[in-house]
Amino acid sequence: MHSTVPSESKPALRKGSPATRSFLRALLFFLALVASAATAPAVVAQKVQLSIDASKPGAKIDRNIFGQFAEHLGHGIYGGVWVGPDSRIPNTRGIRKDVVAALRALRVPNVRWPGGCFADEYHWRNGIGPQRVTGLNPNWGGVIEPNTFGTHEFMDFLEQIGAEAYLSINLGTGTPREAAEWLEYITAAQPTTLAKERGANGHPAPFKVGYLGIGNESWDCGGNMTPDYYLSQLKIYSRFVRNYNPEQQEKHRMLKIAVGPGGSGPRWTEWTETIMKAYQNHQWSWDIDGLSMHSYTVVKWPPSFASVGFGETEYAEILKSTLEMERLIDEHSAIMDKYDPQKKVALVVDEWGAWYAPLPGTNPGFLVQQNSLRDAILAALNLNIFARHADRVRMANIAQMVNVLQAMILTDQEKMVLTPTYYVFKMYAPFQDAAFVPVTFDAGTYTRGDIRLPRLDAIAARDSVGKLWLAITNIDPNQPAEIEVSLAGVAAKSAAGETLTAPKVDSVNTFDAPNTVTPKPVCAKVEGGKLSMKLEAKSVTVVAVE
Ligand code: AHR
């Protein structure tokens, strides 16, 4: 190799000369700097103090807040759940085996079906028996609706994944008689003509229906009704749509859920007021057990935020928007408390999640979006909010289960991938039906431009065998957090669990790289009644304290 400086002109470094001494001093200084950089943490993490008193358990975190929503929309059902018995994709009676196995692992408590907007145009007779009616799905892309997935297929699917049915009945284009007959067909044990028809279609024993949604967004796609008009419809459907299953008459009674608000402000508080005021004075002939609320994280309409390929500012904007859920629940809970102080009526957040711009190249009516680490964090924050309101929020359904909006699972023909949101639901499974335990902490602040968010969020709960579970989210995408948790009311010796993070806030799992955002084992130190651990930046962590 040639040097551009002639060798004779380079200064000679001789032992003892002033040039040598100053060179050595500079070298020593440089080496010291390198050594200190190697031992010091890149960012000095601040210790956050949390405290938990496990001897003071609160309300039960109803397992139903981990509910799913599956609408006849895009590939939510067709392709995502149902492939038909003749498909080369492995299936049980037409239902995908891989999807069933993944959902079983989540312990899905209930599935809301068949919609959404679709429900108010669904006629159940089109989807039973050997001759299915081919129709259209005008809400979602105007595509053919083959009705090959109907009542029996839905009930079979629920049995395969071990979940309860949450049926959404047609109050928009249907009649009380149509809905009443559907329920008789599904639940009657006596040999009525409808029960015998069910038997002839392959299921002599009555099915169970755990939850009945009376309409969907009746203030909008469900018929643009006024609160008073809807209330009169609600009373009729609540009165006449009965569950006849002998095993559901007392203890496992079907719960009826009325359409509730879709946002914040006077239009929505008037809706909640109207239904709850009527409930307070309701007579024997009608009743409700839940009031539905829909709230998507969307920032602006139509949805324009990208689900992948975004930066820190959009990360912060979406999380700021999702945290509005807390205020919304407070706003409507306050009205419910006024008319139902005993909290008999649950607030049922049966559509929630992130709604982004459709992925380029997809049918916009199919609501296809990717699912990133940001969505995992968003899911954890919402589940934490629901858990903190466990006395009123006793059911929630993320939209939607497969291939639509903030999905658990994405499929493409025979391929399947589990999303970051899926992993949060899996990590949170121990919180199902556990008793909420308050956690106190100073969250600190994460700032991005003029957006200020709590840096940390946490919930805790005790499960049925007394084990304490702690879930902590570090929203800050740049800084890890050292935490120290004082534990009272529990003899703690060790703690271990899992953490979910990824290289970037928009990291995703794809069919080709399915493990970019997957949980990794994590250990915590427990000493002298204190648990300490480091939380990665932009992470969700769940640990069990033993
Ligand atoms: O989840 C997609 C749609 O969003 C549902 O069909 C409707 O209820 C809501 O507006």
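Modeller: The protein carries 54 positive and 55 negative side chains, and the centres of these two sets are 7 Å apart. Lys and Arg count as positive, Asp and Glu as negative, while His and the chain ends are not counted; each charge is placed at NZ of Lys, CZ of Arg, CG of Asp or CD of Glu. The model is predicted, so local features need pLDDT of at least 70 and side-chain atom pairs count only at pLDDT 80 or more, whereas totals for chains, interfaces and linings use all residues. Residues are numbered from 1 along each chain as its sequence is written, and side-chain values use heavy atoms, without hydrogens or water.

I turn now to the part you asked about. A disulfide is taken as a pair of cysteine sulfur atoms within 2.5 Å, and by this rule the count is one. The partners are Cys117 and Cys221, with their sulfur atoms 2.2 Å apart. The angle about the S-S bond is -95 degrees, and the link of Cys117 and Cys221 is left-handed. Cys117 belongs to the loop between β5 (110–113) and β6 (135–137), and Cys221 to the loop between β9 (211–214) and α6 (227–240), so the pair ties together parts 104 residues apart in sequence. These elements are DSSP runs numbered from the N terminus: helices are H or I of at least four residues, strands E of at least two.

Accessibility is classed with a 1.4 Å probe and protein chains only: buried is under 20% relative accessible area, exposed over 50%, and partly exposed in between. Cys117 is therefore buried at 12%, and Cys221 is partly exposed at 30%. A further cysteine, Cys523, is exposed at 66%.
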